[in-house]
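My entries follow the model below.

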There are 2 protein chains.
Amino acid sequence: MRYLTLKNIEEAKKIVRDYLMGDVETVSIEEAVNRVLAEDVFSDIDIPPFDRATVDGYAVIAEDTFNADEDKPVELKVIDEIRAGEIKNIEIKRGECVEIATGAMIPKNANAVVMVEYTEREGDKVKIYKPIAPMENIQFAGSDVMVGELVLRKNTLLTPKDIGVLAAIGRKKVRVYKKLKFAIISTGNELVSPGEVLEDGKIYDINSYTLMSYIKNLGYDYVFLGIVRDNVEDIKEKINKGLGLADIILLSGGTSAGRGDLVEKAIEMLGGEILIHGLKIKPGKPTIIGKVKNKLVIGLPGYPTSCLTVFDVLFGNEKNLIKAKFRGRYISAKGRVEYLPVMLVKGKEYSCYPITKGSGAITTLSEADGYVVIDENREILEEEDVDVHLFGYTSALNIIGSHCIGIDIILKDANLQAKVINTGSLGGILAIKRGEADIAGIHLLDEKEGYNIPYLKKYNVKNAVLIRGYIREQGFILREDLSLDEIIKNIHNFEIISRNKGAGTRILFENFLKKHNINYNELKIVGEAKTHSSVAKAVAMGRADIGIGIKTVADYYKLKFIKIGEENFDFLIRKERFGDDDVQKFIRSLKRAKLPFKKPENCGEIIWEG
Amino acid sequence: MRYLTLKNIEEAKKIVRDYLMGDVETVSIEEAVNRVLAEDVFSDIDIPPFDRATVDGYAVIAEDTFNADEDKPVELKVIDEIRAGEIKNIEIKRGECVEIATGAMIPKNANAVVMVEYTEREGDKVKIYKPIAPMENIQFAGSDVMVGELVLRKNTLLTPKDIGVLAAIGRKKVRVYKKLKFAIISTGNELVSPGEVLEDGKIYDINSYTLMSYIKNLGYDYVFLGIVRDNVEDIKEKINKGLGLADIILLSGGTSAGRGDLVEKAIEMLGGEILIHGLKIKPGKPTIIGKVKNKLVIGLPGYPTSCLTVFDVLFGNEKNLIKAKFRGRYISAKGRVEYLPVMLVKGKEYSCYPITKGSGAITTLSEADGYVVIDENREILEEEDVDVHLFGYTSALNIIGSHCIGIDIILKDANLQAKVINTGSLGGILAIKRGEADIAGIHLLDEKEGYNIPYLKKYNVKNAVLIRGYIREQGFILREDLSLDEIIKNIHNFEIISRNKGAGTRILFENFLKKHNINYNELKIVGEAKTHSSVAKAVAMGRADIGIGIKTVADYYKLKFIKIGEENFDFLIRKERFGDDDVQKFIRSLKRAKLPFKKPENCGEIIWEG
């Protein structure tokens, strides 16, 4: 790996910003949404351009109505009628009025409009039943926007509302920064395009598809040039093709280890200049920025979340922020700005959770709503207010707690969108208390007092109700057909895949061992998985002899199952959200849906209230 | 106005939802961003599809490294090399290892990868300087996503990240709801297209342009059919044209008063059916929804903010919410669901302010970040938590307080994006205290102790510093050249345009009157404007004889100006934001920019700290 001196991200951003705000072009306003304004826009007209009625009724001289009341209406002569858009040169005198429509021009001498609701028309006379003050129901010329007023500032990212404002002042065209076009290239011998057969040792190309969609949403155009192998000649040729078709060439996946050198070499072979190779950021250290024929060539990291993050840092709308409370504790890489992927959860305030399973995981990409910037001098992030840079976020039902396949089936039956976060039962209880979870699946055994409710008391939950869920069978998952006695007798000989601390299944397992005087620490534990599925999978693939988990996953993997107990998987629901449509749909589907679990008679009913 | 029975908004939403989620089509994933998924997507593969290295280094049998330390490295034989994407059938034995690249397949029998940083290579041997635990630096097959796992639920609005997930599991195409196309029609005799000459009594067409941009951002296609006059035959013909080109026909501006009847009649003449005419909502009561040849024809309200709001309620992403504290007090229309436009401000938490100047104002459109839904049974909204439905929002520097043309000039000089809210000086102080404003322009006179600082003490401001701004000349604005004495002598004969209560200029004016023993209430006040500009404008247009305000606007309108005093216009800045780039840029430009005001020597310096 050869880096030039590591540069600050600010330097990279400046290169990109200067490039993006280079050329200027003039476009029609209907083409201008999501573009950046390259001029200050002043209004050449007053809005409204004339004094106009804001209601349907009669334009009057207010003083004429001062004595009107419900019993003694004032009668005025209707001398004419004005509709919106009509030009009539009318002047009224005392005792006269004009019928007028919303948006129509106020006639001369009129200084108020009486709403039609307070009048009664008889031929060319109208009775006014209510006095009106001068200026009432008139929007005066220029009261909204004035000739010469600055309505939009240079460098504004134009929203649909801004386009409406431009239309309102009569602008047909505006000057915006030239819309640049991206060429997207994926690099890597291991990449295969979606839809093709996945050979051994290969993975599907992800980054190009994420980037295409993200670029489209930012309002830029792109051309996709496909996958190129790790070979300097091929890379050079693809970049060269991109230079003919686009303004910015993006290569992803091409900057880790030796590959970065290939991109660097290709840029140099094309007579280009390397501006940056290596950034003081995490992820994104091996980012390359070069210039060839005055066009930018950028090598992004290969891991999906890293790739999107670095792209967003360089090209995203950096004002697209949301304030949230950081949950948990995170030790940061000192000496580099760190972009930590987080998941956003809406409670009474927004919370965000760090996603620490690594940017190589596709689930990191799917769970990350955005990232938090940790300054290079910060060592630790604790419960504190942070700004989350959003990739895009829409709120949904938050289900935080123990994971169960039953939840997936219920959500499908209810046709609900939800954000499901697997934290284990205890994490679910705490998320409900903090107001972040709407629903938490829990299954926590208290040896003396049974399932769930004792824990709610212990944790002093006040803001939730507990809904009876279903009954899950817990036990050993294995490939061979052994009896429970045989398992217990030989337990020290088996390679066991266990569960993480705090998982309900782990508590159940440790209880079981205690009853049989077996010490957990003396077992051959080959791993502590975080979900039922990964336990079953480890057994199915022969990585372990025995696992612990629910019968449903054993069945799914066609494994044997030896029951050691039954448990109540119940749902804790935050009171504040209990009446919501989505929550009620969830409960109805819990009752109705066909689940691979036993349902007790009171399934879906409130069994406890905090 | 003839309405059918007023219907609930839920009924209208259901009609639209059912229509949008009718037909299904299959598209390539790169075309699928912003579309709604019409199938549950399960993974056909494991991710990763094989056990792979997460670092560059050596694949080893962990047990071989247990005795390694920095002084006594373990030496292993390197039997081969595996790169990402390579397929090699290698098996290692004790004492052996394989050089491996990030992303490459783990060879058989290896159970950990030692990072290259902890090794030293010598020919076909490598020294390992650190012991490694089993499973370290390996991402196991299926640990990220498992065969058969549900990765995306039906009805998900696909984001760029989701497209990445689809690519990751190798999907090339997905089933999504058919993308419908809108035909957009503006109705109204008063409308003129932007770019055309604005005749008397006319206004520019706004709604079509806002809708086009909004529809584009939502990812739909559209065709714009232009403006049609208030005439049933023309309207019928345009709708008919739309039916041939699109799936949904949108008419805006055509539903107030008599126009709604025209649209209704046109739908009926085309053999269509009126599903809804009249909704229990505000704004949007006269909304029409009809069906012609199985296509939707929708008449939206004419006022710009109302039009966008009702469109968003029907077609927007209803999960696009942000929680905010409602500021102020708002009395709602009972018996109708009210959509109240609000401006969002980011402080320690989000706050939102109702915009009450009416949905006819184009400034309502430009200031509204979204709207708050007030249930039909709610009568009053006070300081409370609300959900803001966003039209789109990006945070910017918040400048809340007294308005001055100087601020516009500074922002331009500094090239800054900012949200400027004119609340008057006192509103600015309170917004700083609540943490919503970053900067507040203030000019408040205490007769005994001078400008600004006495008020900061009185309001017990603790979280801000005061920066010296510039000096403004206040006085009378008039068309004729009179002396101050002549004005005072004849003041009861003049029609005066004054300022709103709480404005610094108003306080100054009342002080002036007091000194000359003149009673404000005995003057001929023809209006109390909210900005300097509207005062000057009223004088320029002859609506008043005399106004009060700053010299700068008098000059702008080429009016006479008679000074009655000077004032300090200073900037209160929240301490928490003082160090921010944008704030520092603002201060630098305050010092540097050429302003139409006198600058004191200590301009831009801190003169008080709370």
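**Entry 1: the two copies**

The same surface serves both copies, as 99% of the contact residues of chain A recur in chain B (contact means heavy atoms within 4.5 Å).

I note that this is a predicted model, in which local features need pLDDT of at least 70 and side-chain atom pairs count only at pLDDT 80 or more, while totals for chains, interfaces and linings use all residues. Residues are numbered from 1 along each chain as its sequence is written, chains are lettered from A and ligands numbered from 1 in the order in which they are written, and side-chain values use heavy atoms, leaving out hydrogens and water.

**Entry 2: a helix pair**

I then examined helix 8 (residues 405–414) and helix 16 (residues 581–592) of chain A, which pack at an angle of about 110° with their axes 8 Å apart (helices are DSSP runs of H or I, at least four residues, numbered from the N terminus; axes are lines fitted to C-alpha atoms over the stretch in contact, and angles run from 0 to 180 degrees between N-to-C directions). Helix 8 and helix 16 of chain A are therefore roughly perpendicular to each other (65 to 115 degrees). I found that A:Ile410, A:Leu411, A:Asp413 and A:Ala414 of helix 8 meet residues of helix 16, including A:Phe586 and A:Leu590.

Terms used: Helix = DSSP H or I, 4+ residues; strand = E, 2+ residues; numbered from the N terminus. Parallel < 35°, antiparallel > 145°, perpendicular 65-115°, else oblique.
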